[in-house]
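Biologist: Can you walk me through this one? I'll jump around a bit.

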Amino acid sequence: MIHVKNISKSFSGVEILKDISFVFEKGKTNLIIGKSGSGKSVLTKCIVGLLEPDIGDVFYDDIKFSSLKSKDKKKVRKQIGMLFQGSALFDSLTVEENVAFPLRMFTKMTEEEIIDRVNFCLNRVNILNKNTLYPSEISGGMQKRVAIARAISMKPKYLFCDEPNSGLDPVTAIVIDELIQEITKEYQMTTIVITHDMNSVLEIGENILFIDGGVKKWEGNKEEILDVKVKELYDFVYVSKFLAKDEKIVKKKASFEAFKFLY
Amino acid sequence: MIRNLGKYMFMLYHIFFKPEKFSVYWRRFIDEVVQLGVKSLFIVSLMSAFMGAVLVIQTATAIESAWIPDYTVGFTIKQSMLLEFCPTIISLILAGKVGSNIASELGTMRVTEQIDALEVMGVNSIGYLVGPKILAALFIFPIVIMYSMFFGFFGGGLVCYFTEIIPVKQYILGIRYFSEDNFVFIRYALTKTIVFAFIITSISSYYGYYLKGGALEVGKASTNAVVYSSIFILFANYILTQLMLI
């Protein structure tokens, strides 16, 4: 579980996050949704410690992360896996070396054990026989899956995914979403996904935080989101005129399959 | 400017943090030795050989006189190569080749969130990315410069052999002339090289590591790295010469 309490963050006097509190639950895919520029990525960077919040605290289970010393923060970070928007695989390393990187850096595993673990993780994300290729030699969808394999290689307790579907076709996007959800259940991780893709919201949104203009406007789950009364979220969900026209149908069925079809 | 200096010092301070795993850093150090040094050997040897050859022709032509012995050409080449051409000019060339390479590599890693990925994993990204580059340069650049000295003399020797502009024996005699001073000159050249290696790698790393923006800024960072490295090399060259040779 990750608990953020009253987080605020400003840049050059402009308040990006305003008093945000939320509990990201263990074993669930927790979503942070909102328009571009709403503060989703800043909130995530505050949670993982890439940015220091001006006010507020972040708790990883019972550990108050925001007040830890740099050395202790590193210990917590070793339990974090992160999938970046652009995959962030190391260009100079092969697929295998990328996945093995955290294992080589932080564990005392033998080379044989590392290779076994790497192959296990790559198999888990359905990447087969690509070990010796470089990131530039594989497709965007594969890069995302390799990044997931790297993120789970250390068996993390917390998984962060920053817009995992960006730049992917709808079919690959669904595969990535399903993979994230499966892995979350399998390893009982606290997973946080930042997205503005409604398909993802309706497929994997078990616990959703909606941010608009740096303010928490709504929280709930994928079933509740279609009946939402908050104007900003309503606009976000029913952004397409087509969807707005057929809102009744969507509400009636309220199932992912129907929504995916309409989309 | 003070802010930039502070960030630069902050970067240097983080290099000295204890590595997460020594063997991983060692492997990276070896990779950097190859990347920064070994891969520069071809261009360095080519330039040095041609520069030595040209210097021989120019010097021999300029001091053609019955009153000046032929070995003076060799002696002049030695002084030029040891004192200035190899440590300073080759370092300026390396600032262009290696400096832009470092700045664009780190800048691209910043833009594509690879540095953030290292930080989230709990890796000291400065220590892991910048530290091995600086140490590798401090180790390999003096070797590259000695290599350059050898090829400079060799290039000059080849010209003497093929054109007979001066006898090869006279050329070698000139190079060996006042050999008791050679140690001082080589120490001076290598000291300069070590300082220049630090300047090139640290300034280029600074511009790459702290890059903000996108692809356009990567290009700008690369240019800034070369320009500022070159300026500081020239400045340090003057200071060191004043301190060590006078």
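Biologist: Which residues does Gly127(B) touch, not counting residues up to four places away in sequence?
Modeller: Gly127(B) touches His14(B), Ile15(B), Phe17(B) and Pro19(B). Contact means that the C-beta atoms, placed from the backbone, lie within 7 Å. Bear in mind that this is a predicted model: local features need pLDDT of at least 70, side-chain atom pairs count only at pLDDT 80 or more, and totals for chains, interfaces and linings use all residues. Residues are numbered from 1 along each chain as its sequence is written, while chains are lettered from A and ligands numbered from 1 in the order in which they are written.

Biologist: Where does Gly127(B) lie?
Modeller: Gly127(B) lies in helix H6 of chain B, residues 125–129. Helices are DSSP runs of H or I with at least four residues, strands are runs of E with at least two, and both are numbered from the N terminus. The C-alpha atoms of Gly127(B) and Tyr13(B) are separated by 9.2 Å, and the two residues are 114 apart along the chain.

Biologist: What about H8(B)? Which of its residues are buried?
Modeller: H8(B) spans residues 168–176, and its buried residues are Tyr171(B), Gly174(B) and Ile175(B). They cover an arc of only 100° around the axis, so they sit on the same side of H8(B). That arc is taken over the directions from the helix axis to the C-beta atoms.

Biologist: What covers them?
Modeller: The cover includes helix H4 (71–111) and helix H7 (131–163) of chain B. After H8(B) comes Phe178(B), with a positive phi near 50°.

Biologist: How many helices and strands in chain B?
Modeller: Chain B has 10 helices and 0 strands. Its C-alpha atoms fill a box of roughly 70 × 35 × 35 Å along the principal axes. Of its 246 residues, 44% are buried. Among contacts in chain B with a separation of 6 or more, 87% are between residues 24 or more positions apart.

Biologist: Switching to chain A. At what angle do H5(A) and H6(A) pack?
Modeller: H5(A) (140–152) and H6(A) (170–187) pack at about 10°, with axes 10 Å apart. H5(A) and H6(A) are therefore roughly parallel. Angles under 35 degrees count as roughly parallel, over 145 as roughly antiparallel, 65 to 115 as roughly perpendicular, and the rest as oblique. Axes are lines fitted to C-alpha atoms, for helices over the stretch in contact, and angles run from 0 to 180 degrees between N-to-C directions.

Biologist: Which residues meet there?
Modeller: Gly141(A), Lys144(A), Ile148(A) and Ile152(A) in H5(A) meet Thr172(A), Ile176(A), Leu179(A), Ile183(A) and Tyr187(A) in H6(A).

Biologist: And the interface? How many residues from each chain?
Modeller: Chain A gives 15 residues and chain B gives 13. On the side of chain A, H3(A) supplies the largest share, 4 residues.

Biologist: What are the scores?
Modeller: ipTM is 0.80 and pTM is 0.84. The mean pLDDT, the predictor's confidence in each residue from 0 to 100, is 91 for chain B, where 100% of residues reach 70 or more. Chain A averages 85, and 90% of its residues score at least 70.

Methods:
Contact = placed C-beta atoms within 7 Å. Buried ≥ 20, exposed ≤ 12 C-beta atoms within 10 Å, placed from the backbone.
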